[in-house]
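Colleague: I have the model open and some time before the next run. Can we go through it?

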Amino acid sequence: MSIPREHRLRKHAEFEVVYRCGQRHFSQALTAFYLLRPEPAEDGALECSRDPRVGITVGRVMGKAAVRNRIKRRVRAAVTENLGRLTRPLDVVINPKKAALEIDFQQLCAEVARAFEVAEQKAAFDAGKNARPQRERRSAQPGRLAARKP
RNA sequence: CAAGUGGACCGGAUGGUCGCCCCGGCUCGCCGGGGAGGAAAGUCCGAACUCCGCAGAGCAGUGUGCCGGAUAACGUCCGGGCUUCCAGCGUCAAGGCUGGAAGACGGCCAGUGCCACAGAAAACAUACCGCCCCGCGCAAGCGGUGGUAAGGGUGAAAAGGUGCGGUAAGAGCGCACCGCCUGGGCAGCAAUGUUCAGGGCAUGGUAAACCCCACACGGAGCAAGACCAAAUAGGGAGGGAGCCCGCUUCGGCGGACACGCACCGGCUCGGCGCGUUAGAACCUCCGGGUAGGUCGCAUGAGCGUGGCAGCAAUGUCCCGCCAAGAGGAAUGACCGUCACUCCGCGCAAGCGGAAUACAGAAUUCGGCUUACAGGUCCACUUGCCUU
RNA sequence: GGGGACGUAGUUCAGUUGGUUAGAACGCUGCCCUGUCACGGCAGAGGCCGCGGGUUCGAGUCCCGUCGUCCCCG
């Protein structure tokens, strides 16, 4: 991956959490799932960094292995260009569509940048509200430490 | 030169900027090196490797199937044979000769099954029409425990083929040639070829029907397997092993001492709190084992040049080389230059534009099959041109 | 990566040891019934059996190749 390792999602469980609890952003060539990671607990687990992390999923319906690799690499290059736009500890999962293979690279970059901006704004809004849960569905999330709204 | 068929091979080159994976260095964030294929694919075969099972043998099952060789092994490869097809030559015609292509190419004269419809009959020939003979009858015709497989018709297939003789009509009934079967000689390791003698022909097709014969095969697969090993729950072993006084409704309660644990305290003493007959709480140890991590994991039936042996597949020897190793998974993104093909403009030089396939390693090898833009070479056939 | 199943009308499925016309239900079309619709009745269309070869007289069935779909092993 051309994304540095500490900025990647590595485990199937991490992808699952983002899919189940995150919010979504749609555009012509891709769908982005994003989730603001909770603050690491103070008593321990300090290996959990504050860096943003990105994962890319290309399913089998997109084509054969060569086509899937091509889509993944184009999206990955666009992510590398725009990785600086993410400052908060966000987990983002990108599901490209078939259009990601065809469209101009500049346009693909613009879509990724737009998705990252939306995620940043949402994260800033939620953090400003004392990091209350972003969705009601998230109430079952084990890592929750913020108290409910008084 | 063009087209077709078959086979072999190539699968753009070279820079810049920003990044990714692995390895090696050190001044610890920099430097150096390496980074997809002929099919990496389908997972159709064969192996290496790993675990499980296993005295030996047999049965069952699966696979292969002309012969010989190559190989670690194979359903692969090489050579040879046979059959079929195509083209040419040759012949009155056939047999034949040359070249190419294809072939799951052992066995239905071991057994069993099946062969619809049509047809008399589909395999032990019960004869439909026809032909012939005999009997009856003037005749038409009728009848026969009659003969006959040459002809007709049916069918995918009809009981050796052609010709001559023969006969009441016919028939391998007899003969010649061809085919078939049996036995022998010769050539060959063999498949097989060739030749001689005998047999008058028995032996329809189907084994990608059951089956017979010969040979091979234990099962699962790197998500195999080995090691390290958190939290939680559970398992096993051991430790936890104090007495006195008072009251009592006999369940216990209260007090002192002792012990253990936690806190205050730099440490001892001390203070305070809790627990002390339940095999409880609690403590220690052990083993299994999940998440996770490491190994397996790339020096191998390895690749290249050359020599030798062999018709060849291939083997062997000398020298040289080390060539991806991830784990939500690297090998990329963008910008140039050049080459190749096509299109447009142009006499030309050149200019502009377009196209560049199939496809992406996941334990590793040997094959097969399938996909593939464009291009190169070789062999054969056909056509045209020149000499 | 590895191991297995299945492809038949528009849909869900049958199709026995190869045998001649491939069948059922629902759906579809037309007609009848009714004032109208539904229900019901009658009739009909619709398939190169995923694709390409082979064996056989004959293939949905047997064999080989290929394409697609689904399931299992973390």
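Colleague: How many residues does H2 have, and how far does H2 reach from its first C-alpha to its last?

Modeller: H2 has 18 residues and reaches 26 Å, close to the 26 Å expected at 1.5 Å a residue. That expected span is 1.5 Å times one less than the number of residues in the helix. Helices (H or I, at least four residues) and strands (E, at least two) are DSSP runs, numbered from the N terminus. Before going on: this is a predicted model, where local features need pLDDT of at least 70 and side-chain atom pairs count only at pLDDT 80 or more, while totals for chains, interfaces and linings use all residues. Residues are numbered from 1 along each chain as its sequence is written, chains are lettered from A and ligands numbered from 1 in the order in which they are written, and side-chain values use heavy atoms, with hydrogens and water left out.

Colleague: Which residues of H2 are buried?

Modeller: Ile71, Arg74, Val75, Arg76, Ala78, Val79 and Asn82. Buried means under 20% relative accessible area, exposed over 50%, and partly exposed in between, with a 1.4 Å probe and protein chains only.

Colleague: And for the whole chain, what percentage of the residues is buried?

Modeller: In chain A, 41% of the 150 residues are buried. The chain exposes about 9000 Å², and carbon and sulfur atoms supply 50% of that area. Those areas come from the Shrake-Rupley method with a 1.4 Å probe; for residues, only the protein chains shown count as cover.

Colleague: Which face of S1 is covered?

Modeller: The one with Gln23 and His25; Arg24 and Phe26 are on the uncovered face.

Colleague: Changing topic. How many salt bridges are there?

Modeller: The count comes to two, a salt bridge being a side-chain nitrogen of Lys or Arg within 4 Å of a carboxyl oxygen of Asp or Glu. One of them joins Arg53 and Asp91 at 3.1 Å, N to O. Arg53 lies in S3 (residues 53–56) and Asp91 in S4 (residues 90–96), so the pair ties together parts that are 38 residues apart in sequence. Arg53 and Asp91 are both buried.

Colleague: What about Arg85, which side chain does it meet?

Modeller: Glu117, again at 3.1 Å, N to O. Arg85 is in the loop between H2 (65–82) and S4, and Glu117 is in H3 (residues 105–128), so this pair ties together parts 32 residues apart in sequence. Arg85 is partly exposed at 39% relative accessibility, and Glu117 is partly exposed at 33%.

Colleague: Phe116 is in H3. What does Phe116 touch?

Modeller: Leaving out residues up to four places away in sequence, Phe116 touches Val54, Val79, Asn82, Leu83, Arg85, Leu86, Val92 and Ile94. Phe116 is buried, with a relative accessible area of 1%.

Colleague: Last one: is Arg8 buried or exposed?

Modeller: Buried, at 16% relative accessible area. Arg8 sits in the segment before H1. Arg8 and Gly55 are 47 residues apart in sequence and 5.8 Å apart in space, C-alpha to C-alpha.

Key. Contact = heavy atoms within 4.5 Å.
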